[in-house]
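Please look through the structure below with the sequence at hand.

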Amino acid sequence: MKIGVVGLGYIGLVTAAVLAEAGNRVVGVDIDKERVKTLSEGKSPIYEPELQEVMSANDEALSFSGNYASLKVCAAIFVCVPTPTIEGRIDLSFVIAASRGISFNNPGATTIIKSTVIPGTARMIHEEMRLNVVSNPEFTSEGSAIQDTRHPDRIVIGGYDTNIVEDIWRFTGAPMIVTTNENAELIKYASNAFLATKISFINEIANLCEKVPGTDVEVIAKGIGYDKRIAPYFLKAGLGFGGSCFPKDTEAFVSFAKTVGIELGITNSAIRINKDRVSHVLEIIKDALGELKGRSVAVLGLSFKNNTGDTRESKAWLLVEALMHHGCSVKTFDPIVKVSIPGALACDSIEKCIEDVDAIVVSTEWNEFKILENMKPKVPVVDAKRVLNQSQITRYHGVGLNEVKN
Ligand code: UDX
């Protein structure tokens, strides 16, 4: 099948690569000329495990262009453009512009909206542009996006004329939920809000554990996670959720619900708890150091989570800024992110980063940081993501931990 993909960010590019691997010819379109040039040279502009390999192995089936006219040959076109928020409300302008581009160049193609959009968006585009619009939200995580796209838990498809989208994803063998556009659109928000709520729930329990001697949130999470009704996933306490999806999608969800007269109290609380995480970890660092002003701190990890170079809404990044704001000098290291935060000193190794500092903070769950267990630093180590084995660190301070040694 000839398939188009508009918007070549994490989701668009991974979708294009996996659909090429599945035997389709795929044309990717993006308005960013630099990105199209890099892709046309066969190079991935982003770090995502396996992406470069899948692109290289299927380069004959993949082509890239800055022009919507290249989509003329496609039977189905995925819309994978960003849906940012402006003052907490969704901004649909990129989705509308992409749909217009499709309606001018190939109105007969099925337009498949993968971007996260509020219920009613697909119907609005269908009514305004007379396109066959199918909703097909994605549930892939950065860092495992290729695997998630090849082997999804489920495929959600919403619309009237959905056969072509069912055909495209049949190779995955995943269960399909074929429903209305609005249900598909809402499933995506409900899913992200539920996962974000799990994270904020465990972070609230972490706050409690810190005040109750003899408790450890990691053990609590394990103890509740064995219950199949709860499940062990998304119960990792830490700096809170960041990234390009959860923070903006939970805000957009709450503001969408308001427009129909519903107050999403649980999601609102999840957002509020999440916003306090950086200042909470700052307090743990302050307790470990006595005071922040004039101290030097090494921060390990800048991306919003491990296995990605993405720093959008990264809590680690906010923590670095907060430390500097409170008078600390900060050194940073990240295995992938090589940019330096203005005012902080970016180091090219863990060794250099932790040299001559007063404290070390682990702020992203990269496995690489477990090397601290062998390095045995003498200064306090604040484990904001519970990556390390506390028994191997001399002066250990973990989120959600108030352990009394037996
Ligand atoms: C998320 C959803 O998982 C995915 O289904 C959706 O399509 C896009 O948004 P992603 O943002 O890539 O994916 O990362 P995810 O692994 O969900 O993590 C989001 C944030 O929550 C990260 O900052 C991560 O560190 C944090 N997190 C996750 C926790 O703090 N604890 C956890 O237990 C899980």
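V382 is found in strand β16, residues 381–383; strands are DSSP runs of E with at least two residues, helices are runs of H or I with at least four, and both are numbered from the N terminus. The model is predicted, so local features need pLDDT of at least 70 and side-chain atom pairs count only at pLDDT 80 or more, while totals for chains, interfaces and linings use all residues. Residues are numbered from 1 along each chain as its sequence is written, and side-chain values use heavy atoms, with hydrogens and water left out.

V382 has a relative accessible area of 0% and is therefore buried. Buried means under 20% relative accessible area, exposed means over 50%, and partly exposed is in between, with a 1.4 Å probe and protein chains only. Leaving aside neighbours within four places in sequence, V382 is in contact (heavy atoms within 4.5 Å) with I284, I285, A288, I360, V361, V362 and H397. T149 is 233 residues from V382 in sequence, and their C-alpha atoms are 35 Å apart in space.

One of the contacts of V382 is I285, which has its place in helix α12. I285 is also buried, because its relative accessible area is 0%. Not counting residues up to four places away in sequence, I285 touches L292, L319, L323, V361 and V382.

The buried residues of α11 are T267, A270, I271, I273 and N274. They cover an arc of only 165° around the axis, so they are on the same side of α11; the arc is that of the directions from the helix axis to the C-beta atoms. An α-helix has 3.6 residues a turn, so residues three or four places apart point the same way. The buried residues of α11 pack against α8 (181–211), α10 (246–259), α12 (277–289) and α13 (315–325).

Helix α13 holds E321. With 37% relative accessibility, E321 counts as partly exposed. P342 is 21 residues from E321 in sequence, and the two are 8.7 Å apart in space, C-alpha to C-alpha.

Which residues are buried in helix α9 (residues 217–225)? They are V217, A221 and G225. These cover an arc of only 65° around the axis, which puts them on the same side of α9. V219, K222 and G223 are exposed on the other side of α9. The cover over the buried residues of α9 includes α8 and β11 (215–216).

Now to strand β7, residues 110–113, where T111 lies. T111 is buried, since its relative accessible area is 0%. Its contacts, not counting residues up to four places away in sequence, are I77, V79, I102, L131, N132, V133 and V134. S99 is twelve residues from T111 along the chain, and their C-alpha atoms are separated by 7.5 Å.

Most residues other than glycine have a negative phi. R130, although not a glycine, has a positive phi of about 55°. R130 is in the loop between α5 (121–129) and β8 (132–135), and R130 is exposed because its relative accessible area is 58%. D356 likewise is not a glycine and has a positive phi of about 55°. The loop that holds D356 runs between α14 (350–354) and β15 (359–362), and D356 is exposed, with a relative accessible area of 73%.

For the chain as a whole, the count is 15 helices and 18 strands. Of its 406 residues, 54% count as buried. Among contacts with a separation of 6 or more, 64% come from residues 24 or more positions apart. The C-alpha trace spans about 65 × 50 × 35 Å along its principal axes. A compact globule of 406 residues would have a radius of gyration near 22 Å, and the 23 Å of the protein chain agrees with this; the radius is taken over C-alpha atoms, and the globule rule is 2.2 Å times the number of residues to the power 0.38.
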